[in-house]
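Student: Could you go through a structure with me? I would like to ask about its parts one by one.
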Amino acid sequence: AQFLSYFFASQYQQNTILILTSDHATYPEPAMIAAVKGEEYQPYFVDRIPLLIYAPGIQLPEHYDADGRTSVDLAPTLLNLLGIEDRSNSFLWRSIFERHRLLPFGMAAIGSQFYATDKNGVHSEQDMPADYQETFLKYKAYIQRYYQLEKADRIYRASQMP
């Protein structure tokens, strides 16, 4: 509350995009599972997270359904808010505000575990909807290749930066 009071009373509130979010869901430890267990809860380290955006001068809806997109869409979303579009970058997915989706579902990876996300929740590889399976496996391999390139320092190499 103290930060927001300062921010909105300052000159920065006129030209600064403020984003409040988290980088992951709550870890499904036993106390958490007991506290929120219900029909819709799945004990994965992947779940819905908040995304609050204050962007002066940019028309954004009051509420927006990201339709299962994940935090890998955050950096492209920031570029979109800044008006930086159609430029080559190292990010895998797309802005949550782009109409054209790369996939019909979101994807999340925690180590070697991969998940699909949509309006119905989180799907592990073991409970993947049949109509997602082929696309899911294709993009799982794509992400794994990305990991290999990153490990070999072939994605974010400083000498390749503009």
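Student: Which residues of H4 are buried?
Tutor: In H4, the buried residues are Phe-136, Tyr-139, Lys-140, Ile-143, Tyr-146 and Leu-149. Buried means under 20% relative accessible area, exposed means over 50%, and partly exposed lies in between, with a 1.4 Å probe and protein chains only. Helices (H or I, at least four residues) and strands (E, at least two) are DSSP runs, numbered from the N terminus.

Student: Before we go on, what kind of model is this?
Tutor: This is a predicted model, in which local features need pLDDT of at least 70 and side-chain atom pairs count only at pLDDT 80 or more, while totals for chains, interfaces and linings use all residues. Residues are numbered from 1 along each chain as its sequence is written, and side-chain values use heavy atoms, with hydrogens and water left out.

Student: Back to H4, then. What covers its buried residues?
Tutor: The cover includes strand S3 (106–110) and strand S4 (113–118).

Student: How do S3 and S4 run, and how many bridges join them?
Tutor: They run antiparallel, and five bridges join them. Two strands pair if DSSP finds at least two bridges between them. Within this pair, Met-107 stands opposite Ala-116 in S4.

Student: What do S3 and S4 form, and how many residues are between them?
Tutor: S3 and S4 form a hairpin with two residues between them. Gly-111 is in the turn and has a positive phi of about 65°.

Student: How far apart are the end C-alpha atoms of helix H4?
Tutor: The end C-alpha atoms of H4 (residues 133–151) are 27 Å apart. The helix has 19 residues and should span 27 Å at 1.5 Å a residue, so the two values agree. The expected span is 1.5 Å times one less than the number of residues.

Student: Which residue forms a salt bridge with Lys-119?
Tutor: Asp-65 does, with the closest N and O atoms 3.7 Å apart. Asp-65 lies in the loop between strand S2 (51–54) and H3, and Lys-119 lies in the loop between S4 and strand S5 (121–124), so the pair ties together parts that are 54 residues apart in sequence. Asp-65 counts as partly exposed because its relative accessibility is 49%, whereas Lys-119, at 52%, counts as exposed.

Student: And which residue meets Lys-140 in a salt bridge?
Tutor: The side chain of Glu-125 meets that of Lys-140, at 3.0 Å from N to O. Lys-140 is in helix H4 and Glu-125 is in the loop between S5 and H4, 15 residues apart.

Student: Why does Lys-140 count as buried?
Tutor: Lys-140 counts as buried because its relative accessibility is 16%. Glu-125 has 27% relative accessibility and therefore counts as partly exposed.

Student: Let us turn to Leu-79. Where does it lie, and what does it touch?
Tutor: Leu-79 lies in helix H3 (residues 74–81). Not counting residues up to four places away in sequence, Leu-79 touches Ile-84, Asn-89 and Phe-91. Contact means heavy atoms within 4.5 Å. Leu-79 has a relative accessibility of 21%, so Leu-79 counts as partly exposed.

Student: Finally, how many helices and strands are in the chain?
Tutor: The chain has four helices and five strands. From the N terminus on, the elements run α-β-α-β-α-β-β-β-α. The C-alpha trace spans about 50 × 45 × 30 Å along its principal axes.

Student: What percentage of the residues in the chain is buried?
Tutor: Buried residues make up 28% of the 162 residues in the chain.

How values were computed. A salt bridge is a side-chain nitrogen of Lys or Arg within 4 Å of a carboxyl oxygen of Asp or Glu.
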